[in-house]
Amino acid sequence: MKMTFRWYGSEMDPIPLKYIRQIPGITGVVTSLMDLPAGELWPLERLQALKKEVTDAGLELEVIESVNVHEDIKLGLPSRERYIDNYKKTIENLKEIGIKVICYNFMPVFDWTRTSLNRKLPDGSNTMSYDQAIIDKITDPQKFADEIQNQTGGFEMAGWEPARMAELKKLFKAYEQVSHEKLKENLKYFLEAIIPVCEACDIKMAMHPDDPPWDIFGLPRIANSKETFDEILSLVDSPYNSITLCTGSLGSNPQNCLPELIRYFGRKERIAFAHVRNLKIEEPGKFYESSHLSSDGSFDMYEIMKALNEVGFDGYVRPDHGRMIWDEHGRAGYGLYDRALGIAYLNGIQESLQKQFAETKK
Ligand code: DNO
């Protein structure tokens, strides 16, 4: 497996590539052109410049997170054709710079959602948290979105693009016509159009699960369990239609057994990318993002890494949401320090697992 780190680009991320290069075991970064609204064609010249910047820093660039899907595609509007066309051309351009995996999601309106970006933990660190009871009381999603954006410390939330956030009312109205079934049909339509291009370009689409893994604000969500992902993979049965196995997203529903999901989809060779992080479930529907350490959260990180090794996972992995520690000022969940600690910890588990596997083979 290749250990990577999410980076938002030199304009949008306070962490310089040279710092990332110094994290032990790192091979590359996962990034995107964050300033481009969903649905735009990604110009080849910009991608070439990005590639050069990353490789000049001694890092690889093989994964994009994310090429966001325009809402009209998810809504199944006639205007989707234009955006699908742009998506296909973007895939072709990404091939030119050696991209192997595109992480994306199909969540209506909101990407990942938290109810606080600044919850103080007893050790003095700050973290993000989620409480369904707070969401259930919200009558004005626009007000909620504004409040969350006020907590970002001046950074744009990934996946909460300003263009999308400015249209919340209109989008909520439009989704009144979209059931879970309809959303699935719209995903099938999208995948049927783009997967042949991915096959030709040798780029895997890796769908990110819903975060949290259930419906919110009455909007339909369709990617959050073994059954739903089984269905998604069968919509277009190609190895290029694959999964980003995000432990934090899937695992916040305790009914999702993470090692089991990894074994199940890993054996089918349909996991292209893994986001490995921990969180602490406080009660059903309520959790906060802990450090990566097993004993700090609700997941057994050893078992997660073991399952990845057992299925011979050779894709990309990255640590995920870190806490804000050591007075760092950065993007919620995406500071340098705690994610680097996460990598060091995952590397430690990985080294011991590999030695154990080698021993048993002797
Ligand atoms: C949050 C991220 C998501 C993810 C997208 C993929 O921290 O994991 O924003 O990048 O859902 O499209």
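1. W160 is buried, with 0% relative accessible area (buried is under 20%, exposed over 50%, partly exposed in between, with a 1.4 Å probe and protein chains only). The model is predicted: local features need pLDDT of at least 70 and side-chain atom pairs pLDDT 80 or more, while totals for chains, interfaces and linings use all residues. Residues are numbered from 1 along each chain as its sequence is written, and side-chain values use heavy atoms, without hydrogens and water.

2. Rings of Phe, Tyr and Trp (its six-membered ring) pair if their centres lie within 6.5 Å; planes under 30 degrees apart are stacked, over 60 edge-to-face, the rest tilted. The count by this rule is 17 aromatic pairs. One of them is the tilted pair of F110 and W160, at 5.1 Å between centres and 55 degrees between planes. F110 lies in the loop between strand 4 (101-104) and strand 5 (116-120), and W160 in the loop between helix 6 (141-150) and helix 7 (162-165), 50 residues apart. Helices (H or I, at least four residues) and strands (E, at least two) are DSSP runs, numbered from the N terminus. F110 is at 1% relative accessibility and therefore counts as buried.

3. F110 and W160 belong to one aromatic cluster with F144, F172 and F217.

4. W326 and Y337 have ring centres 5.2 Å apart and planes at 45 degrees, so this pair is tilted. W326 is exposed at 59%; Y337 is partly exposed at 32%.

5. A charge sits over a ring if NZ of Lys or CZ of Arg is within 6 Å of the ring centre and within 35 degrees of the ring normal. R80 sits over Y189, 3.6 Å from the ring centre, and R331 over Y8, at 4.0 Å.
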